[in-house]
Amino acid sequence: MNTLDLLRADRVLTVVRAPEISDARDLCAALVAGGIHVVELTYTTPDLPRHLERAAATAAETGAVVGAGTVQTAAQATQAINAGAQFLVTPGQGPEAAAIAEAARSAGVPVVLGAFTPSEVMTALALGSAAVKIFPAHQLGPKYFKDLNGPFPGVPLIPSGGVNAGNAKDFLTAGALAVSAGTDVVAPADVAAANWASITDKAKAFCAAIAP
């Protein structure tokens with residue numbers, strides 16, 4: 001099952017923003033135990049390639065699909081792919097967006113480009129984005145996704161930023177492909193302290209909140 005199909009099935013991915021990760025393998029295992037299989041480790045965490053390598057090397061064991069987020073340059077894209085990232089996510093469309101998309105295409109890795117406006121969604125699609133991340137989603141809320149579905153029917157949109165167990169289902173009902181779960185599931189303190197049981201419990205609670 002590819003990343004997009006897995007997102008359709010799970011309807012959620014986790015974005016990890018933490019100052020440190022004690023063990024990426026255990027983190028992924030804790031999330032999968034809670035029902036979340038797609039994990040985005042971000043460049044806001046120091047030494048990201050090392051964590052990606054650890055997660056990728058143990059992916060068959062944990063069952064996680066691990067990618068790199070907050071990718072802002074083509075060099076980061078290539079570095080993440082070489083470390084084993086199975087998908088790339090950008091926060092927006094900076095000057096290297098096209099180069100990032102090309103690096104992903106050349107490696108056969110899906111890229112999810114960030115956007116906020118309809119024009120940015122169009123640009124992301126033109127660059128070959130497998131899905132489009134709408135960030136920061138909480139600024140306009142679920143109704144914005146209904147509006148975007150008018151000109152972009154069937155385009156896989158993923159809200160990120162301010163999404164939590166209380167509003168995630170509203171975004172999905174409004175037409176989102178899946179939602180990004182951040183600190184609501186992976187609190188930085190839990191990641192740093194290796195509090196895997198807490199992360200599993202929070203992942204289970206989030207998945208229960210978006211269940212049909």
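A: Let's begin with a term: a residue is buried under 20% relative accessible area, exposed over 50%, and partly exposed in between (1.4 Å probe, protein chains only). The model here is predicted: local features need pLDDT of at least 70, side-chain atom pairs count only at pLDDT 80 or more, and totals for chains, interfaces and linings use all residues. Residues are numbered from 1 along each chain as its sequence is written, and side-chain values use heavy atoms, with hydrogens and water left out.

Q: Is alanine 193 buried or exposed?

A: Alanine 193 is exposed, because its relative accessible area is 56%. You will find alanine 193 in the loop between α10 (188-192) and α11 (196-209). The C-alpha atoms of alanine 193 and serine 22 are separated by 7.3 Å, although the two residues are 171 residues apart along the chain.

Q: And aspartate 190, buried or exposed?

A: Aspartate 190 is buried, since its relative accessible area is 10%. This residue lies in helix α10.

Q: What does aspartate 190 touch?

A: A contact means heavy atoms within 4.5 Å. Leaving aside residues up to four places away in sequence, aspartate 190 touches Asn195, Ser198, Ile199 and Lys202.

Q: How many helices and strands are there in the protein?

A: Both are DSSP runs numbered from the N terminus: helices (H or I, at least four residues) and strands (E, at least two). The protein has 11 helices and eight strands.

Q: Which residues of helix α2 are buried?

A: An α-helix has 3.6 residues a turn, so residues three or four places apart point the same way. In α2 (residues 24-33), the buried residues are Ala24, Leu27, Cys28, Ala30, Leu31 and Val32.

Q: What is found at the start of α2, and what follows α2?

A: At its start, a side-chain oxygen of aspartate 23 reaches to within 2.8 Å of the backbone nitrogen of arginine 25. After α2 comes glycine 35, with a positive phi near 105 degrees.

Q: What radius of gyration does the protein have?

A: This radius is taken over C-alpha atoms, and the globule rule is 2.2 Å times the number of residues to the power 0.38. With 212 residues, a compact globule would have a radius near 17 Å; the protein has 16 Å, which agrees. Along its principal axes, the C-alpha trace spans about 45 × 40 × 30 Å.

Q: What share of the residues is buried?

A: Buried residues make up 52% of the 212 residues. As for contacts with a separation of 6 or more, residues 24 or more positions apart account for 61% of them.

Conventions
Polar contact = N/O pair within 3.5 Å; in protein donor to acceptor, adjacent residues only side chain to side chain.
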